[in-house]
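Q: I'm new to this one. Please walk me through it, starting with the rings.

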Amino acid sequence: MRRFIHMRPTALLLGGLLLSLTSGTSAVAGVNRDGLFDMLEISSDNLDALPQWQRVVKSFPALKSAAGRCDIRIEDCKSQQMTLWRAKISELKHSDKRIQMQEINRFLNDWKSTDHTTDDRVNGRWETPLEFLTKGGSSVDFAVMKYISLKELGFSPLAMRIVITDDVLRNR
């Protein structure tokens, strides 16, 4: 699941999600000195340090199944938010890629949820996309939803990164 790109991509930052617009190839295991934001990137196929990401990725088939049922019969949508999300995906299916990125970003940034928090949850647990569509989530959960939405619209997972930062100045 290596996601680092050798080429310097044209990029769009969508609130926690970086989408690179290149057809670059995966980097070999090692160090990339020209990484994202001119930072040092170390690629690895070992995702042991990202258990929340692993758990969320394992939930993607359940989302795909629920979305498929919702697309066939609106009564089978798990929530009103699921219905709205599926309508947005359908609306954008044949749009230009840049329009898709902008609209997904706008759609999810405007998402209204009483449980939405601007800071990551205290326990650090990431919501699965199905959980997010039911009850909202933190900034990480919004980034995951943007990722899965763009993936659904045909963007390659190899062209996207979810960027997790550690702000040592603010201890966040």
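Predicted model: local features only at pLDDT ≥ 70, side-chain atom pairs only at ≥ 80, totals over all residues.

A: A search of the whole structure turns up 6 aromatic pairs. Here, rings of Phe, Tyr and Trp (its six-membered ring) pair if their centres lie within 6.5 Å; planes under 30 degrees apart are stacked, over 60 edge-to-face, and the rest tilted.

Q: What kind of pair do W53 and F60 form?
A: Edge-to-face: W53 and F60 are 6.2 Å apart centre to centre, with 85 degrees between the planes.

Q: Are those two buried or exposed?
A: W53 counts as buried because its relative accessibility is 10%. F60 is buried too, with a relative accessible area of 10%. The scale, with a 1.4 Å probe and protein chains only, runs: buried under 20% relative accessible area, exposed over 50%, partly exposed in between.

Q: And F107 with W111, what's the geometry?
A: F107 and W111 are edge-to-face, 5.2 Å centre to centre and 90 degrees between the planes. Both F107 and W111 are buried.

Q: What's the average pLDDT?
A: The chain averages 77, and 65% of the residues score at least 70. pLDDT is the predictor's confidence in each residue, from 0 to 100.

Q: Which elements have the lowest and highest mean pLDDT?
A: Strand β1 (residues 11-13) has the lowest, at 45, and helix α2 (residues 60-72) the highest, at 96. Helices (H or I, at least four residues) and strands (E, at least two) are DSSP runs, numbered from the N terminus. Over residues 1-13 the pLDDT is below 50, and the model gives this stretch 59 contacts beyond near neighbours in sequence. A contact means heavy atoms within 4.5 Å. Residues 19-28 also stay under 50.

Q: New topic. How many residues are in the largest nonpolar core?
A: It has 32 residues, and M82, W85, L108 and W111 have the most contacts inside it. Such a core is a set of buried Ala, Val, Leu, Ile, Met, Phe, Trp, Tyr and Cys residues joined through side-chain atoms within 4.5 Å.

Q: Which element gives the most to that core?
A: α6, with 7 residues. Elements giving two or more include α1 (51-58), α3 (80-92) and α6 (139-152).

Q: What does M82 touch?
A: Setting aside residues up to four places away in sequence, M82 touches L63, A66, A67, C70, C77, L130 and L133.

Q: Where is V56 found?
A: In helix α1. V56 counts as buried because its relative accessibility is 0%. Leaving out neighbours within four places in sequence, its contacts are W126, E127, T128, P129 and V144. V56 and D141 are 85 residues apart in sequence and 9.6 Å apart in space, C-alpha to C-alpha.

Q: Last one. Where does S79 sit?
A: In the loop between α2 and α3. S79 counts as buried because its relative accessibility is 13%. A polar atom of its side chain lies 3.1 Å from the backbone oxygen of L133. Beyond neighbours within four places in sequence, S79 is in contact with L133 and T134.

Definitions and conventions:
Residues numbered from 1 in each chain as written. Heavy atoms only, no water. Polar contact = N/O pair within 3.5 Å; in protein donor to acceptor, adjacent residues only side chain to side chain.
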